[in-house]
Amino acid sequence: MNFTLTKLDASLGARIEGMDLSRPLLPETAAAIRAALHEHIVLLFPDQTFDAAAQLRFAQALGPVRIRQMPDDYVIPESSRDVPGIAYVTNLRDEAGTPVGIIPDGEMWFHHDTCYTEAPDLYTMLYAIDVPSTGGHTMWANMRLAWETLPDNLKAALDGRKALNVYDYAVDAPPDLSHLANIEHAWNPAVAVHPVTGKKAIFVNRLMSCRLEGLDEGESTRILNAVFAHFEQPEFVYEHAWRPGDFIIWDNLSSTHARTHFERSDARRLRRSKVNGSPLTV
């Protein structure tokens, strides 16, 4: 494997150098990247130059890329139509003021990708094209370590229990359950057991997790807020200030991620791809 790996100075993450991701991955290289990802949770590949087709090919080398069947009223942004399996996370807008990509503006609380479905994503990856002059950083929290250090009373409250996760990208506000029937939602384990490593990780988050099964609303909210406060502590978090050409992959079952504020007038454009996951069991 012609690359070097250096651990980041944080509770998770490693930097990989010496690879040109515009070239197809050999099977043994893909296996080595998966192994590094399962160990370090977040992998940074700096100074990459590759197009959407090459990024999709890279994702496919790591696992099956799901092309989601969207509701009839869902409008696929124009920028995401050329290469199915690729989406653009951007605040850029067309002449009418309509965002040309997805999840356009501002701060976003910690969340797991597609935790509101029965088969949450296994890996997510982003490639930085345009970055704002200030802000727009991505933060990842190490949910394996957060589970290992969680107080015993909170472990007992989560383990073996499911949580309701709701697709309601209000960006920085709790989900609105008054229209639950009209939006995607799923009950998933509050503690995920990784299908490859077998390790446990907290699998609830501030943006989308809104109820623990078997508990009344007040008790559920109290426990969830305590868990959120635990894993959002700085010792569990790596914050990345993007540079054009950065490519980052993360294990969606072992981490949760968030976005810091940036100005709407300051261009931010990242290209996203994902590897499909499978249903989680309690």
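Predicted model: local features only at pLDDT ≥ 70, side-chain atom pairs only at ≥ 80, totals over all residues.

Me: Is aspartate 121 buried or exposed?
Reply: A residue counts as buried under 20% relative accessible area. Aspartate 121 has a relative accessible area of 3%, so it is buried.

Me: Which residues does aspartate 121 contact, apart from its neighbours within four places in sequence?
Reply: Contact here requires heavy atoms within 4.5 Å. With neighbours within four places in sequence set aside, the contacts of aspartate 121 are Arg66, Asp113, Thr114, Asn252, Leu253, Lys274, Val275 and Gly277.

Me: Is proline 195 buried or exposed?
Reply: Proline 195 sits in the loop between β10 (191-193) and β11 (200-202). The threshold for exposed is over 50% relative accessible area. Proline 195 has 51%, and therefore it is exposed.

Me: Which residues does proline 195 touch, not counting those up to four places away in sequence?
Reply: Leucine 145 is 50 residues from proline 195 along the chain, and their C-alpha atoms are 17 Å apart. The contacts of proline 195, leaving out residues up to four places away in sequence, are Leu122 and Leu253.

Me: What is the volume of the largest cavity?
Reply: Searching the whole structure gives 1 cavity of 30 Å³ or more. For the largest cavity, the volume is about 170 Å³.

Me: Which strand gives the most residues to the lining of the largest cavity?
Reply: The lining has 14 residues, and those closest to the cavity centre are Val89, Ile103, His111, Leu126 and His257. At least two lining residues come from each of β5, β6 and β15 (255-259). The largest contribution is 3 residues, and it comes from β15.

Me: How many residues in the lining of the largest cavity are charged?
Reply: The class counts Asp, Glu, Lys and Arg. Besides 6 nonpolar and 4 polar residues, the number of charged residues in the lining is 4.

How values were computed: Residues numbered from 1 in each chain as written. Heavy atoms only, no water. Helix = DSSP H or I, 4+ residues; strand = E, 2+ residues; numbered from the N terminus. Buried < 20%, exposed > 50% of the residue type's maximum accessible area, 1.4 Å probe, protein only. 1 Å grid on protein atoms, 1.4 Å probe; cavity = no way out; pocket = protein on both sides within 12 Å on 5 of 7 lines; lining within 4 Å. Points joined across faces, edges and corners; volume = space filled by probe spheres on them.
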